[in-house]
Amino acid sequence: EDRIEVMQRSGLEVMAGFIVGNDEDGPDVFKNIFDFVQKTGIVIPMVGLLTAVRGTRLYSRLEREGRLRKETPSGSNTHDFSFNFTPKLDEKFLIEGYAQLLRKLFKPKNYFKRCKTLEGRRGSYHKPELVNTDGFYALGRIIYQNSVISLDFQFFKYALGTLFRKPLYFPEAISHAVKLHHFRTMTDGASSVLDYRKEITCLYENFCERAGELKYSARKHIHEFRGEIGKVEDEIIRKATKKYNSLH
């Protein structure tokens, strides 16, 4: 923590990557990461689930232990809710905890709190951004986004607070707000995919249950029975398709 603060007071913004799913991780891994990020004012934390990439010692070890499932095409693990190996901690716990951590990190109240921590630490070495045409355009769009499209009081509280506390930092505050919009869009989109998987599982189980009831109650011609199954199938697929089309 003290080393991060030294860099911040020297005018730098510290970004940090965090990996979840290591064999050494305990049940408190998500709380530890969140508390650390909030305390140190790391505005942009990049958190991902551990991925085993071919050519690494991790990949070779997991392969020897019979825990490897598949190869990863890119190695990218940001906003990806899956493992390509069997983790030691409960997989459902890790995936759901990871999704909750992302939502907490990019909740406006928590995000802008980190921005204020960083703003308070950066000393005279840091040169604030200059205002330009692109900056005014970004300001107009982010105000429109946080007032007309989706009202966010936390944005106005942070932006106006910065304007009164340190007006020279205002362009940077707007820049942080634009980044938050991006991160929230990514997080909400990825989380909705995770929720969709759960909904699809429920729809499939519902189909199996209803099809089973038809099976045991049907004393009809096979074509009539297939027609009833088809109606249930069409209804389930229609619901699944509607939910799928609503994803970002």
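Buried means under 20% relative accessible area, exposed over 50%, and partly exposed in between, with a 1.4 Å probe and protein chains only. This core has 47 residues, and Val20, Val47, Phe81, Tyr111 and Phe112 touch the most other members. Helix H8 (residues 170-217) gives the most to this core, 8 residues. Apart from this core I found another one of 8 residues, including Tyr196, Leu203, Val232 and Ala240.

**Ground rules.** I am looking at a predicted model, in which local features need pLDDT of at least 70 and side-chain atom pairs count only at pLDDT 80 or more, while totals for chains, interfaces and linings use all residues. Residues are numbered from 1 along each chain as its sequence is written, and side-chain values use heavy atoms, with hydrogens and water left out. Helices (H or I, at least four residues) and strands (E, at least two) are DSSP runs, numbered from the N terminus.

**Tyr111.** I listed what Tyr111 touches, taking contact as heavy atoms within 4.5 Å. Leaving out residues up to four places away in sequence, I get Val43, Leu105, Phe106, His176, Lys179, Leu180 and Phe183.

**Thr187.** I looked in helix H8 for Thr187. Thr187 counts as buried because its relative accessibility is 2%. I then checked polar contacts, meaning a pair of N or O atoms within 3.5 Å; within protein, one must be able to donate a hydrogen and the other to accept it, and residues adjacent in sequence count only if both atoms are side-chain atoms. The Thr187 side chain reaches the backbone oxygen of Phe183 at 2.8 Å. Not counting residues up to four places away in sequence, Thr187 touches His79, Leu102, Arg103 and Phe106.

**Leu101.** Leu101 sits in helix H4 (residues 91-105). Its relative accessible area is 3%, so I put Leu101 down as buried. With residues up to four places away in sequence left out, Leu101 touches Phe30, Ile33, Phe34 and Val47.

**Asn84.** I found Asn84 in the loop between helix H3 (57-64) and H4. Asn84 counts as buried, at 5% relative accessibility. Its side chain reaches two backbone oxygens: that of Ala52 at 2.9 Å and that of Lys70 at 3.1 Å. Not counting residues up to four places away in sequence, Asn84 touches Thr51, Ala52, Leu68, Arg69, Lys70, Glu71 and Thr72.

**H2 on H5.** I turned to helix packing, where axes are lines fitted to C-alpha atoms, for helices over the stretch in contact, and angles run from 0 to 180 degrees between N-to-C directions. The axes of H2 (residues 29-40) and H5 (residues 108-121) come within 7 Å and cross at roughly 40 degrees. H2 and H5 are therefore oblique to each other; angles under 35 degrees count as roughly parallel, over 145 as roughly antiparallel, 65 to 115 as roughly perpendicular and the rest as oblique. Phe34, Val37, Gln38, Lys39 and Thr40 of H2 make the contact with Asn110, Lys113, Arg114, Thr117 and Arg121 of H5.

Methods
Core = buried A, V, L, I, M, F, W, Y, C linked by side-chain atoms within 4.5 Å.
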